[in-house]
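Visitor: Could you walk me through reading the disulfides here? I'd like the general idea and then the actual case.

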Amino acid sequence: MRLNNVLNFRDMRRYTKNPLEVKFEELLPLKLKEKVSGKGDRSKERACVHEISIMFACFKKNEFDQARCSDEITKFQACATKNYADKFKRKQDMQEGRISTGKDNLTPREINYLLKKYPNP
């Protein structure tokens, strides 16, 4: 039955001149779920990939002589320690239950916490 509604909507969209004349039909209740999944929690860009690629290119160019690539090694180590400190701080904030305010993207745990605190009526 839903498939027929979808097919009718496609036909209506194709033949309707005015999109404001399309009738809205609620198939599912319009309300938020009580929690979100954590599938999108992992960041797609890994930390320090650019620095490590520059370091390995320097190693290859200088036949793996670490003395000649000391600048690249220190840049990679600085990036790694900064990333480790940020990760540790986020973990501490999560354990203490603090929510990062003013941040563009909240983690799924923070969103679930807010949804529990302010439930949908």
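**Reading the disulfides**

Guide: Let's begin with handedness: the link of C48 and C79 is left-handed, with -100 degrees about the S-S bond. C48 sits in the loop between helix 1 (2-15) and helix 2 (49-61), while C79 is in helix 3 (residues 70-96), so the pair links distant parts of the chain, 31 residues apart. Helices here are DSSP runs of H or I with at least four residues, numbered from the N terminus.

Guide: A word on the source: this is a predicted model, where local features need pLDDT of at least 70, side-chain atom pairs count only at pLDDT 80 or more, and totals for chains, interfaces and linings use all residues. Residues are numbered from 1 along each chain as its sequence is written, and side-chain values use heavy atoms, with hydrogens and water left out.

Visitor: What is a disulfide, and how many does the structure hold?

Guide: In general, a disulfide is a covalent bond between the sulfur atoms of two cysteines. Here a pair counts when the cysteine sulfur atoms are within 2.5 Å, and the structure holds two. In C48 and C79 the sulfur atoms are 2.0 Å apart; C58 and C69 are joined with S to S 2.1 Å.

Terms used:
Helix = DSSP H or I, 4+ residues; strand = E, 2+ residues; numbered from the N terminus.
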